[in-house]
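Work through the exercises below with the sequence and the model side by side. Try each task before reading its solution.

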Amino acid sequence: IRPLNTEAMNFAIKLSTLLFISTCSFFFQGVDTSKRVGHFNLDSKHLAIDGYDPVAYFTKGVATEGSKKYSLNYKGVTYYFSSLKNKSLFEGDPIKYEPQYGGWCAYAMGDNGEKVSINPKTFKIVDGKLYLFYNKLFTNTLIPWNEDEDNLKGNADDFWKELIR
């Protein structure tokens, strides 16, 4: 058996390192993903925002239903988009477009740290972030949110940090 030359040895070391990092990333990503998914407001298929397009809130200013045709799974959470362009925008900056507090009602999170379902048509963009609200049975939580937004947002941020620990 003859020894490997330097070039072959360097290649083997780089390949081994890459495989090791990839394997570690896979295992660590799985742990983070399952924990993350557990905190999101999702249906049984891990679909977020009841299938509404998270990017359209920003680009159109209205809630727009997405299509399974333009779906994307990001860290265990599936999003539908209304166009290939919106899907591409999300892929380029998912943190910008993902809803705050895992897609749960921002008002309930700020009021008492509770995970409450939302109506995807009731939303607000605050400082470039998407906030969703409960709006059913004659109760629209966007109204009290608007009356005390700074306080509720601060509380919601604190409650959310505790929940996802």
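The chain holds seven helices and six strands, where helices (H or I, at least four residues) and strands (E, at least two) are DSSP runs numbered from the N terminus. The model is predicted, so local features need pLDDT of at least 70 and side-chain atom pairs pLDDT 80 or more, while totals for chains, interfaces and linings use all residues. Residues are numbered from 1 along each chain as its sequence is written, and side-chain values use heavy atoms, with hydrogens and water left out.

**Exercise 1. The overall layout**

Solution. Next, take burial: buried means under 20% relative accessible area, exposed over 50%, partly exposed in between (1.4 Å probe, protein chains only). Last, take contacts, meaning heavy atoms within 4.5 Å. Among contacts with a separation of 6 or more, 56% join residues 24 or more positions apart.

**Exercise 2. A cysteine in a loop**

Is C105 buried or exposed, and what does C105 touch?

Solution. Locate C105 in the loop between α4 and α5. Its relative accessible area is 0%, so C105 is buried. Then list its partners: V116, S117, I118, L132, F133, Y134 and T141, again not counting residues up to four places away in sequence. Finally, check a distance. C105 and A156 lie 51 residues apart in sequence, and their C-alpha atoms are 9.7 Å apart.

**Exercise 3. Salt bridges**

How many salt bridges does the whole structure contain? Compare where E98–R36 and D157–K153 sit.

Solution. Side chains of opposite charge can pair when their charged atoms come close. The rule asks for a side-chain nitrogen of Lys or Arg within 4 Å of a carboxyl oxygen of Asp or Glu. The search finds four salt bridges.

- E98 pairs with R36, with the closest N and O atoms 2.5 Å apart. E98 is in the loop between α4 (94-97) and α5, and R36 is in helix α1 (residues 6-39), so this pair links parts of the chain 62 residues apart. Both E98 and R36 are buried.
- D157 pairs with K153 at 3.2 Å between the closest N and O atoms. Both lie in helix α7, four residues apart, about one turn of the helix. D157 is partly exposed at 23% relative accessible area, and K153 is partly exposed at 21%.
- E162 and R165 meet at 3.1 Å, N to O. R165 is exposed, with 68% relative accessible area.

**Exercise 4. Aromatic pairs**

Classify the pairs F58–Y97 and Y101–Y131.

Solution. Rings of Phe, Tyr and Trp (its six-membered ring) pair if their centres lie within 6.5 Å; planes under 30 degrees apart count as stacked, over 60 as edge-to-face and the rest as tilted. The count comes to 11 aromatic pairs.

F58 and Y97 are edge-to-face, at 5.2 Å centre to centre and 85° between the planes. F58 lies in helix α2 (residues 56-59) and Y97 in helix α4, so the pair ties together parts 39 residues apart in sequence. F58 is partly exposed at 23% relative accessible area, whereas Y97 is buried at 6%.

Y101 and Y131 are tilted, at 5.7 Å and 55°. Y101 lies in the loop between α4 and α5 and Y131 in strand β4, so the pair ties together parts 30 residues apart in sequence. Both Y101 and Y131 are buried.

To finish, trace the cluster: ring pairs link F58, Y74, Y79, F81, F90 and Y97.
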